[in-house]
Amino acid sequence: MTVDPTKSIPAFYNGQSILLTGATGFLGKVFIEKILRSCPDVREIFVLMRPKKGLSINERLEKILNLPLFEKLREERPSNFKKLIPISGDISEKGLGLSATDNQMLVERVTIIIHAAANVRFNNSLKYAIYANTRATRDICILAQSMKNLNALVYVSTAFAHVNEPFVDEKVYPPIADWQKIIEIVETLDEHTLDIFSAKCLDYAPNTYIFSKNLAEKVIQDYSSSFPCAIVRPSIVMSTLQEPIPGWLDNVYGPIGLFIGAGKGILRVACLNKTVNEDAVPVDFVIKVIIIVTWKVGLTTYDHSITDSTSLVVNCTTLRYFTYQNSIYILFNVVKEVPFEGIVWTPHVILTDNLVLFYILTILLHILPAILIDLILMFAGRQPMLVRLQRAIYVANRALSYFSFHKWKYNNANRLTLQSLVPHDNLDAFSIDVSSHDIKAYSKNVVIGIKKFLLHEDINRLDAVKAYNKRVYLFVRMVKTIIFIGVLWITYKWIFAGTL
């Protein structure tokens, strides 16, 4: 019996051939797992990958599939792994680095494109950011134009692509610059000239990542008359909420890296506005939005004669707001219950949006202790590392501080409409209503996920970790007491000496 695709999301994906970029990234991995498990009759998924660190694309794919993320899929539908077809390519190369043979195969077989690949580093050169995030999007669109059976192209953007807009609507805004001219410029000029050019070119964009993603949305819009397409804008993407396992994550970018530093006692001060809301969404929630958007676009009758068509835009942001201060308070309470191993100081962070105070506290609480500890390590014959680590933390902190110094609100009408369109029989697998989820339970899963999947710590050693941490707490209290007494003594001597 054939199920109507309009009444079943898995039925729509039956027989579909998907091209996925960004398969080795955080979103890409979760997308692969979810599609293969919840839409089991998908025909195939072509995953664009490049050889890296001496591993071929097949070896990289095999390594990815051995992650804990895929254990549930391995138990329920092990044969579906055969539907993954690695394709050699590189988003930073012109034409995506595809061979003529692979290009032709994709043209003939692909029916859905999920363009999730991006280089998310804030400090990339303008040339590399444009190549990886803007030109690659153009080349994906050129490839899509030649696909006769394409049902949908979904581009994964970012909720921060339009930082000059205090209220971000679900539409494509005018770009900062002409994307065609910018691609031509970065392909022509050398790196040194581009570095000088970048400051003026970026305009209001805080970094090359935001700039390149801003232009990429206009690329999609300009090609939208050629094929059905959509743009999904997730905010800060965090650990899984539920699927396939709560708390899974695989990278330390963004707030996660800073929280690990804070939880270990290495990060003592952060440049953040504590009253601003942190907009974060679980990765499995984002993936379900992408799957539903693809279903919606794929079912929409597309008219090639319309030349001014517009892309469907969905803001994938949270509806439950917590300030940075509240978020850190909740996470630190969880860390008391589920502590990290090997802390160097008691977990506590001073939040400030005063840059002068931030610099002073960074020197006092980060740099000077790091220099002292590195000197001790050098005398002990070990490799100094704390100053280098603190430098990396400082750079990440300053890069992220921009997003806490500004407030944005988002229109979520399209997201809410999609939520209402999910067929009743599909709600268990594809519901995107997260309004009732328990933030404290989620925070605990985030911390457990960090320990298990990033730090590879044994969750069964909590008693031993807590005992060690008590000793660290006692040591810290002794040091603070000695410093306090020393300050009192110096003050007393200074006052006493002044009266003589």
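Two strands count as paired if DSSP finds at least two bridges between them; helices (H or I, at least four residues) and strands (E, at least two) are DSSP runs, numbered from the N terminus. With that in hand, let's start the tour. You are looking at a predicted model, where local features need pLDDT of at least 70, side-chain atom pairs count only at pLDDT 80 or more, and totals for chains, interfaces and linings use all residues. Residues are numbered from 1 along each chain as its sequence is written, and side-chain values use heavy atoms, with hydrogens and water left out.

**Stop 1**

Select the seven strands that form an open, parallel sheet in the order 3-2-1-4-5-7-12. Strand 3 (84-88) and strand 12 (312-316) stand at the edges with a single partner strand each, so one side of each has no neighbour in the sheet. On average, neighbouring strands are turned by 20 degrees against each other, direction ignored (axes are lines fitted to C-alpha atoms, for helices over the stretch in contact, and angles run from 0 to 180 degrees between N-to-C directions).

Now colour strand 5 (residues 152-156). Four parallel bridges join strand 5 to strand 7 (residues 229-234), and Leu153 has Cys229 of strand 7 as its bridge partner. Strand 4 also pairs with strand 5 in the parallel sense, over four bridges; here Ile112 is partnered by Ala152 of strand 5.

Is strand 5 enclosed or open to the outside? Five of its five residues are buried, so strand 5 is largely enclosed by the rest of the structure (buried means under 20% relative accessible area, exposed over 50%, partly exposed in between, with a 1.4 Å probe and protein chains only). Ala152, Val154 and Val156 are on one side, Leu153 and Tyr155 on the other.

**Stop 2**

Next, show helix 2 (residues 26-38). Helix 2 lies across strands 1, 2, 3, 4 and 5, running at about 160 degrees to strand 1 (17-21); contact means heavy atoms within 4.5 Å.

Glu243 meets Lys34 in a salt bridge (2.9 Å, N to O), the term for a side-chain nitrogen of Lys or Arg within 4 Å of a carboxyl oxygen of Asp or Glu. Glu243 lies in the loop between strand 8 and helix 10 and Lys34 in helix 2, so this pair ties together parts 209 residues apart in sequence. Arg37 and Glu243 form a salt bridge as well, also given as 2.9 Å, N to O. Glu243 is buried at 12% relative accessible area, and salt bridges that share partners join Glu33, Lys34, Arg37, Glu243 and Lys288 into one network. Arg37 is buried too, at 7%.

**Stop 3**

Most residues other than glycine have a negative phi, and most peptide bonds are trans.

Then jump to Lys53, in the loop between strand 2 and helix 3 (57-65). Lys53 has a positive phi of about 50 degrees and is exposed, at 78%. Asp203, in the loop between helix 8 (191-202) and helix 9 (208-223), has a positive phi of about 60 degrees and counts as exposed at 54%.

**Last stop: helix 13**

Finish on helix 13 (residues 355-379), which gives 10 residues, the largest share, to a nonpolar patch. Leu368 sits in helix 13 and is partly exposed, at 45%.
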